[in-house]
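User: I'm new to this one. Can you walk me through the strands?

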Amino acid sequence: MTYAFSVRGLIRGCLSCETCSGKKIPVIGELELAFEECICPVVAITGTNGKTTTTELTTVMLRDSGVRTMASGNIGLPFATAVRQSTELDVMILEVSSFQLETIDAFRPQVAVWLNFSPNHLDRYRDLEDYRKAKLRVFMNQTPEDYAIVNARENLPPISARRITFSAYEPGADFTLRDGVIFYQGEPVLDQRKTRLEGFHNAENLMAALGVGLALGVELETMAAAVGEFTAPVHRCEFVRDFEGVRWINDSKATNLDSVEKAIHSQTRPTVLIAGGKDKAVRIRPIAPLVRERVLVAILIGEMKERIAASWSGVDCRISSSLKRPSPRRGKLPRPEDAVLFSPGTSSFDMFRNYGERGNRFKDAVNALK
């Protein structure tokens, strides 16, 4: 891969450390190094869930509003590659993960977005607070000239940047939701029912994208008009097929329990849930009451299947060794008018290369049903 940036940052780090004595070895992450060479302002979007949808949504809404922009970072295209085009852009939209934020030093987004926070990656971090501290670094270098677009339900520490808040669940934020309509400071902005994005979680993704536009001086009405044809990225509550009256949904991107909870809440039909994968040492029990209430049967796969079954008392759990047969082997489920939701709730690395391969394997199995 060819990178556009110089090695100035690496040389600077080398000269400043005590390499001869072996006491210090500086680490400069890709996010930090590319930022040094970025000509245009940066928007950084982070959160446990919804980052990719919000990043793509923001990019489309800004671009259709006449802003020269592109998406990069944790979304697929590396920032270090995209930075070559920064001279031609008004703003760069970045999806950033906690892993990337661990190694920043001077990285300063003009607009930072905090979507949400829930337990995840506890196989990497010492505890939940350690994970949270890594994510909070997105605000570390912001000044009162910058903006922070934040979920009003999050108890965040003091932030130097100007805040724009949003919440689909509580009143009092700058962006709120009432009867399917998004309001900004009491004025209607966007009717979510006229978009292809369903659920409270997508309402908050829309609010965050609108907040970015507001911070950059784009008219809210212009951004709202650009969202009509936008569809969620693949593997995120993606409709696969309606087969004999059963609706099949691929939510392979659900790599934590919070995303499974949102996916279950978004279903309007009785649901068969397929879950499980790599054991990331997170607690499974908190979601059990919702599963008992909303799920007909849970089909469990992967490294975590036995632990999930033990934690979800009162849930009809069935163990499976693969996704080759994505439906219960006994009983009369799923029935016409049911939904089968593939929402693993953890990462894929015990059985697959990534969540994309996992989702594609599920879709292949569903499309092969006869």
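Analyst: Let's begin with β4 and β5 (residues 147–151): the two run parallel, joined by four bridges. This is a predicted model: local features need pLDDT of at least 70, side-chain atom pairs count only at pLDDT 80 or more, and totals for chains, interfaces and linings use all residues. Residues are numbered from 1 along each chain as its sequence is written, and side-chain values use heavy atoms, without hydrogens and water. Strands are DSSP runs (E, at least two residues), helices too (H or I, at least four), numbered from the N terminus. Two strands pair if DSSP finds at least two bridges between them.

User: Which residue is the bridge partner of V111 in β5?

Analyst: Y147. From β4 the chain crosses through helix α6 (residues 128–136) to β5, a right-handed β-α-β crossover. Right-handed means the path from first strand over the helix to second runs clockwise, with the strands pointing away from the viewer.

User: Which way do V111 and A112 point from β4?

Analyst: V111 and V113 point one way, A112 and W114 the other. All are buried (under 20% relative accessible area, 1.4 Å probe, protein chains only).

User: What stands opposite V113?

Analyst: I45 does. Strand β1 (residues 42–46) pairs with β4 in the parallel sense, over four bridges.

User: New topic. What is the order of the six strands in the open sheet?

Analyst: β10-β11-β15-β12-β13-β14, with mixed pairing.

How values were computed
Buried means under 20% relative accessible area, exposed over 50%, partly exposed in between (1.4 Å probe, protein chains only).
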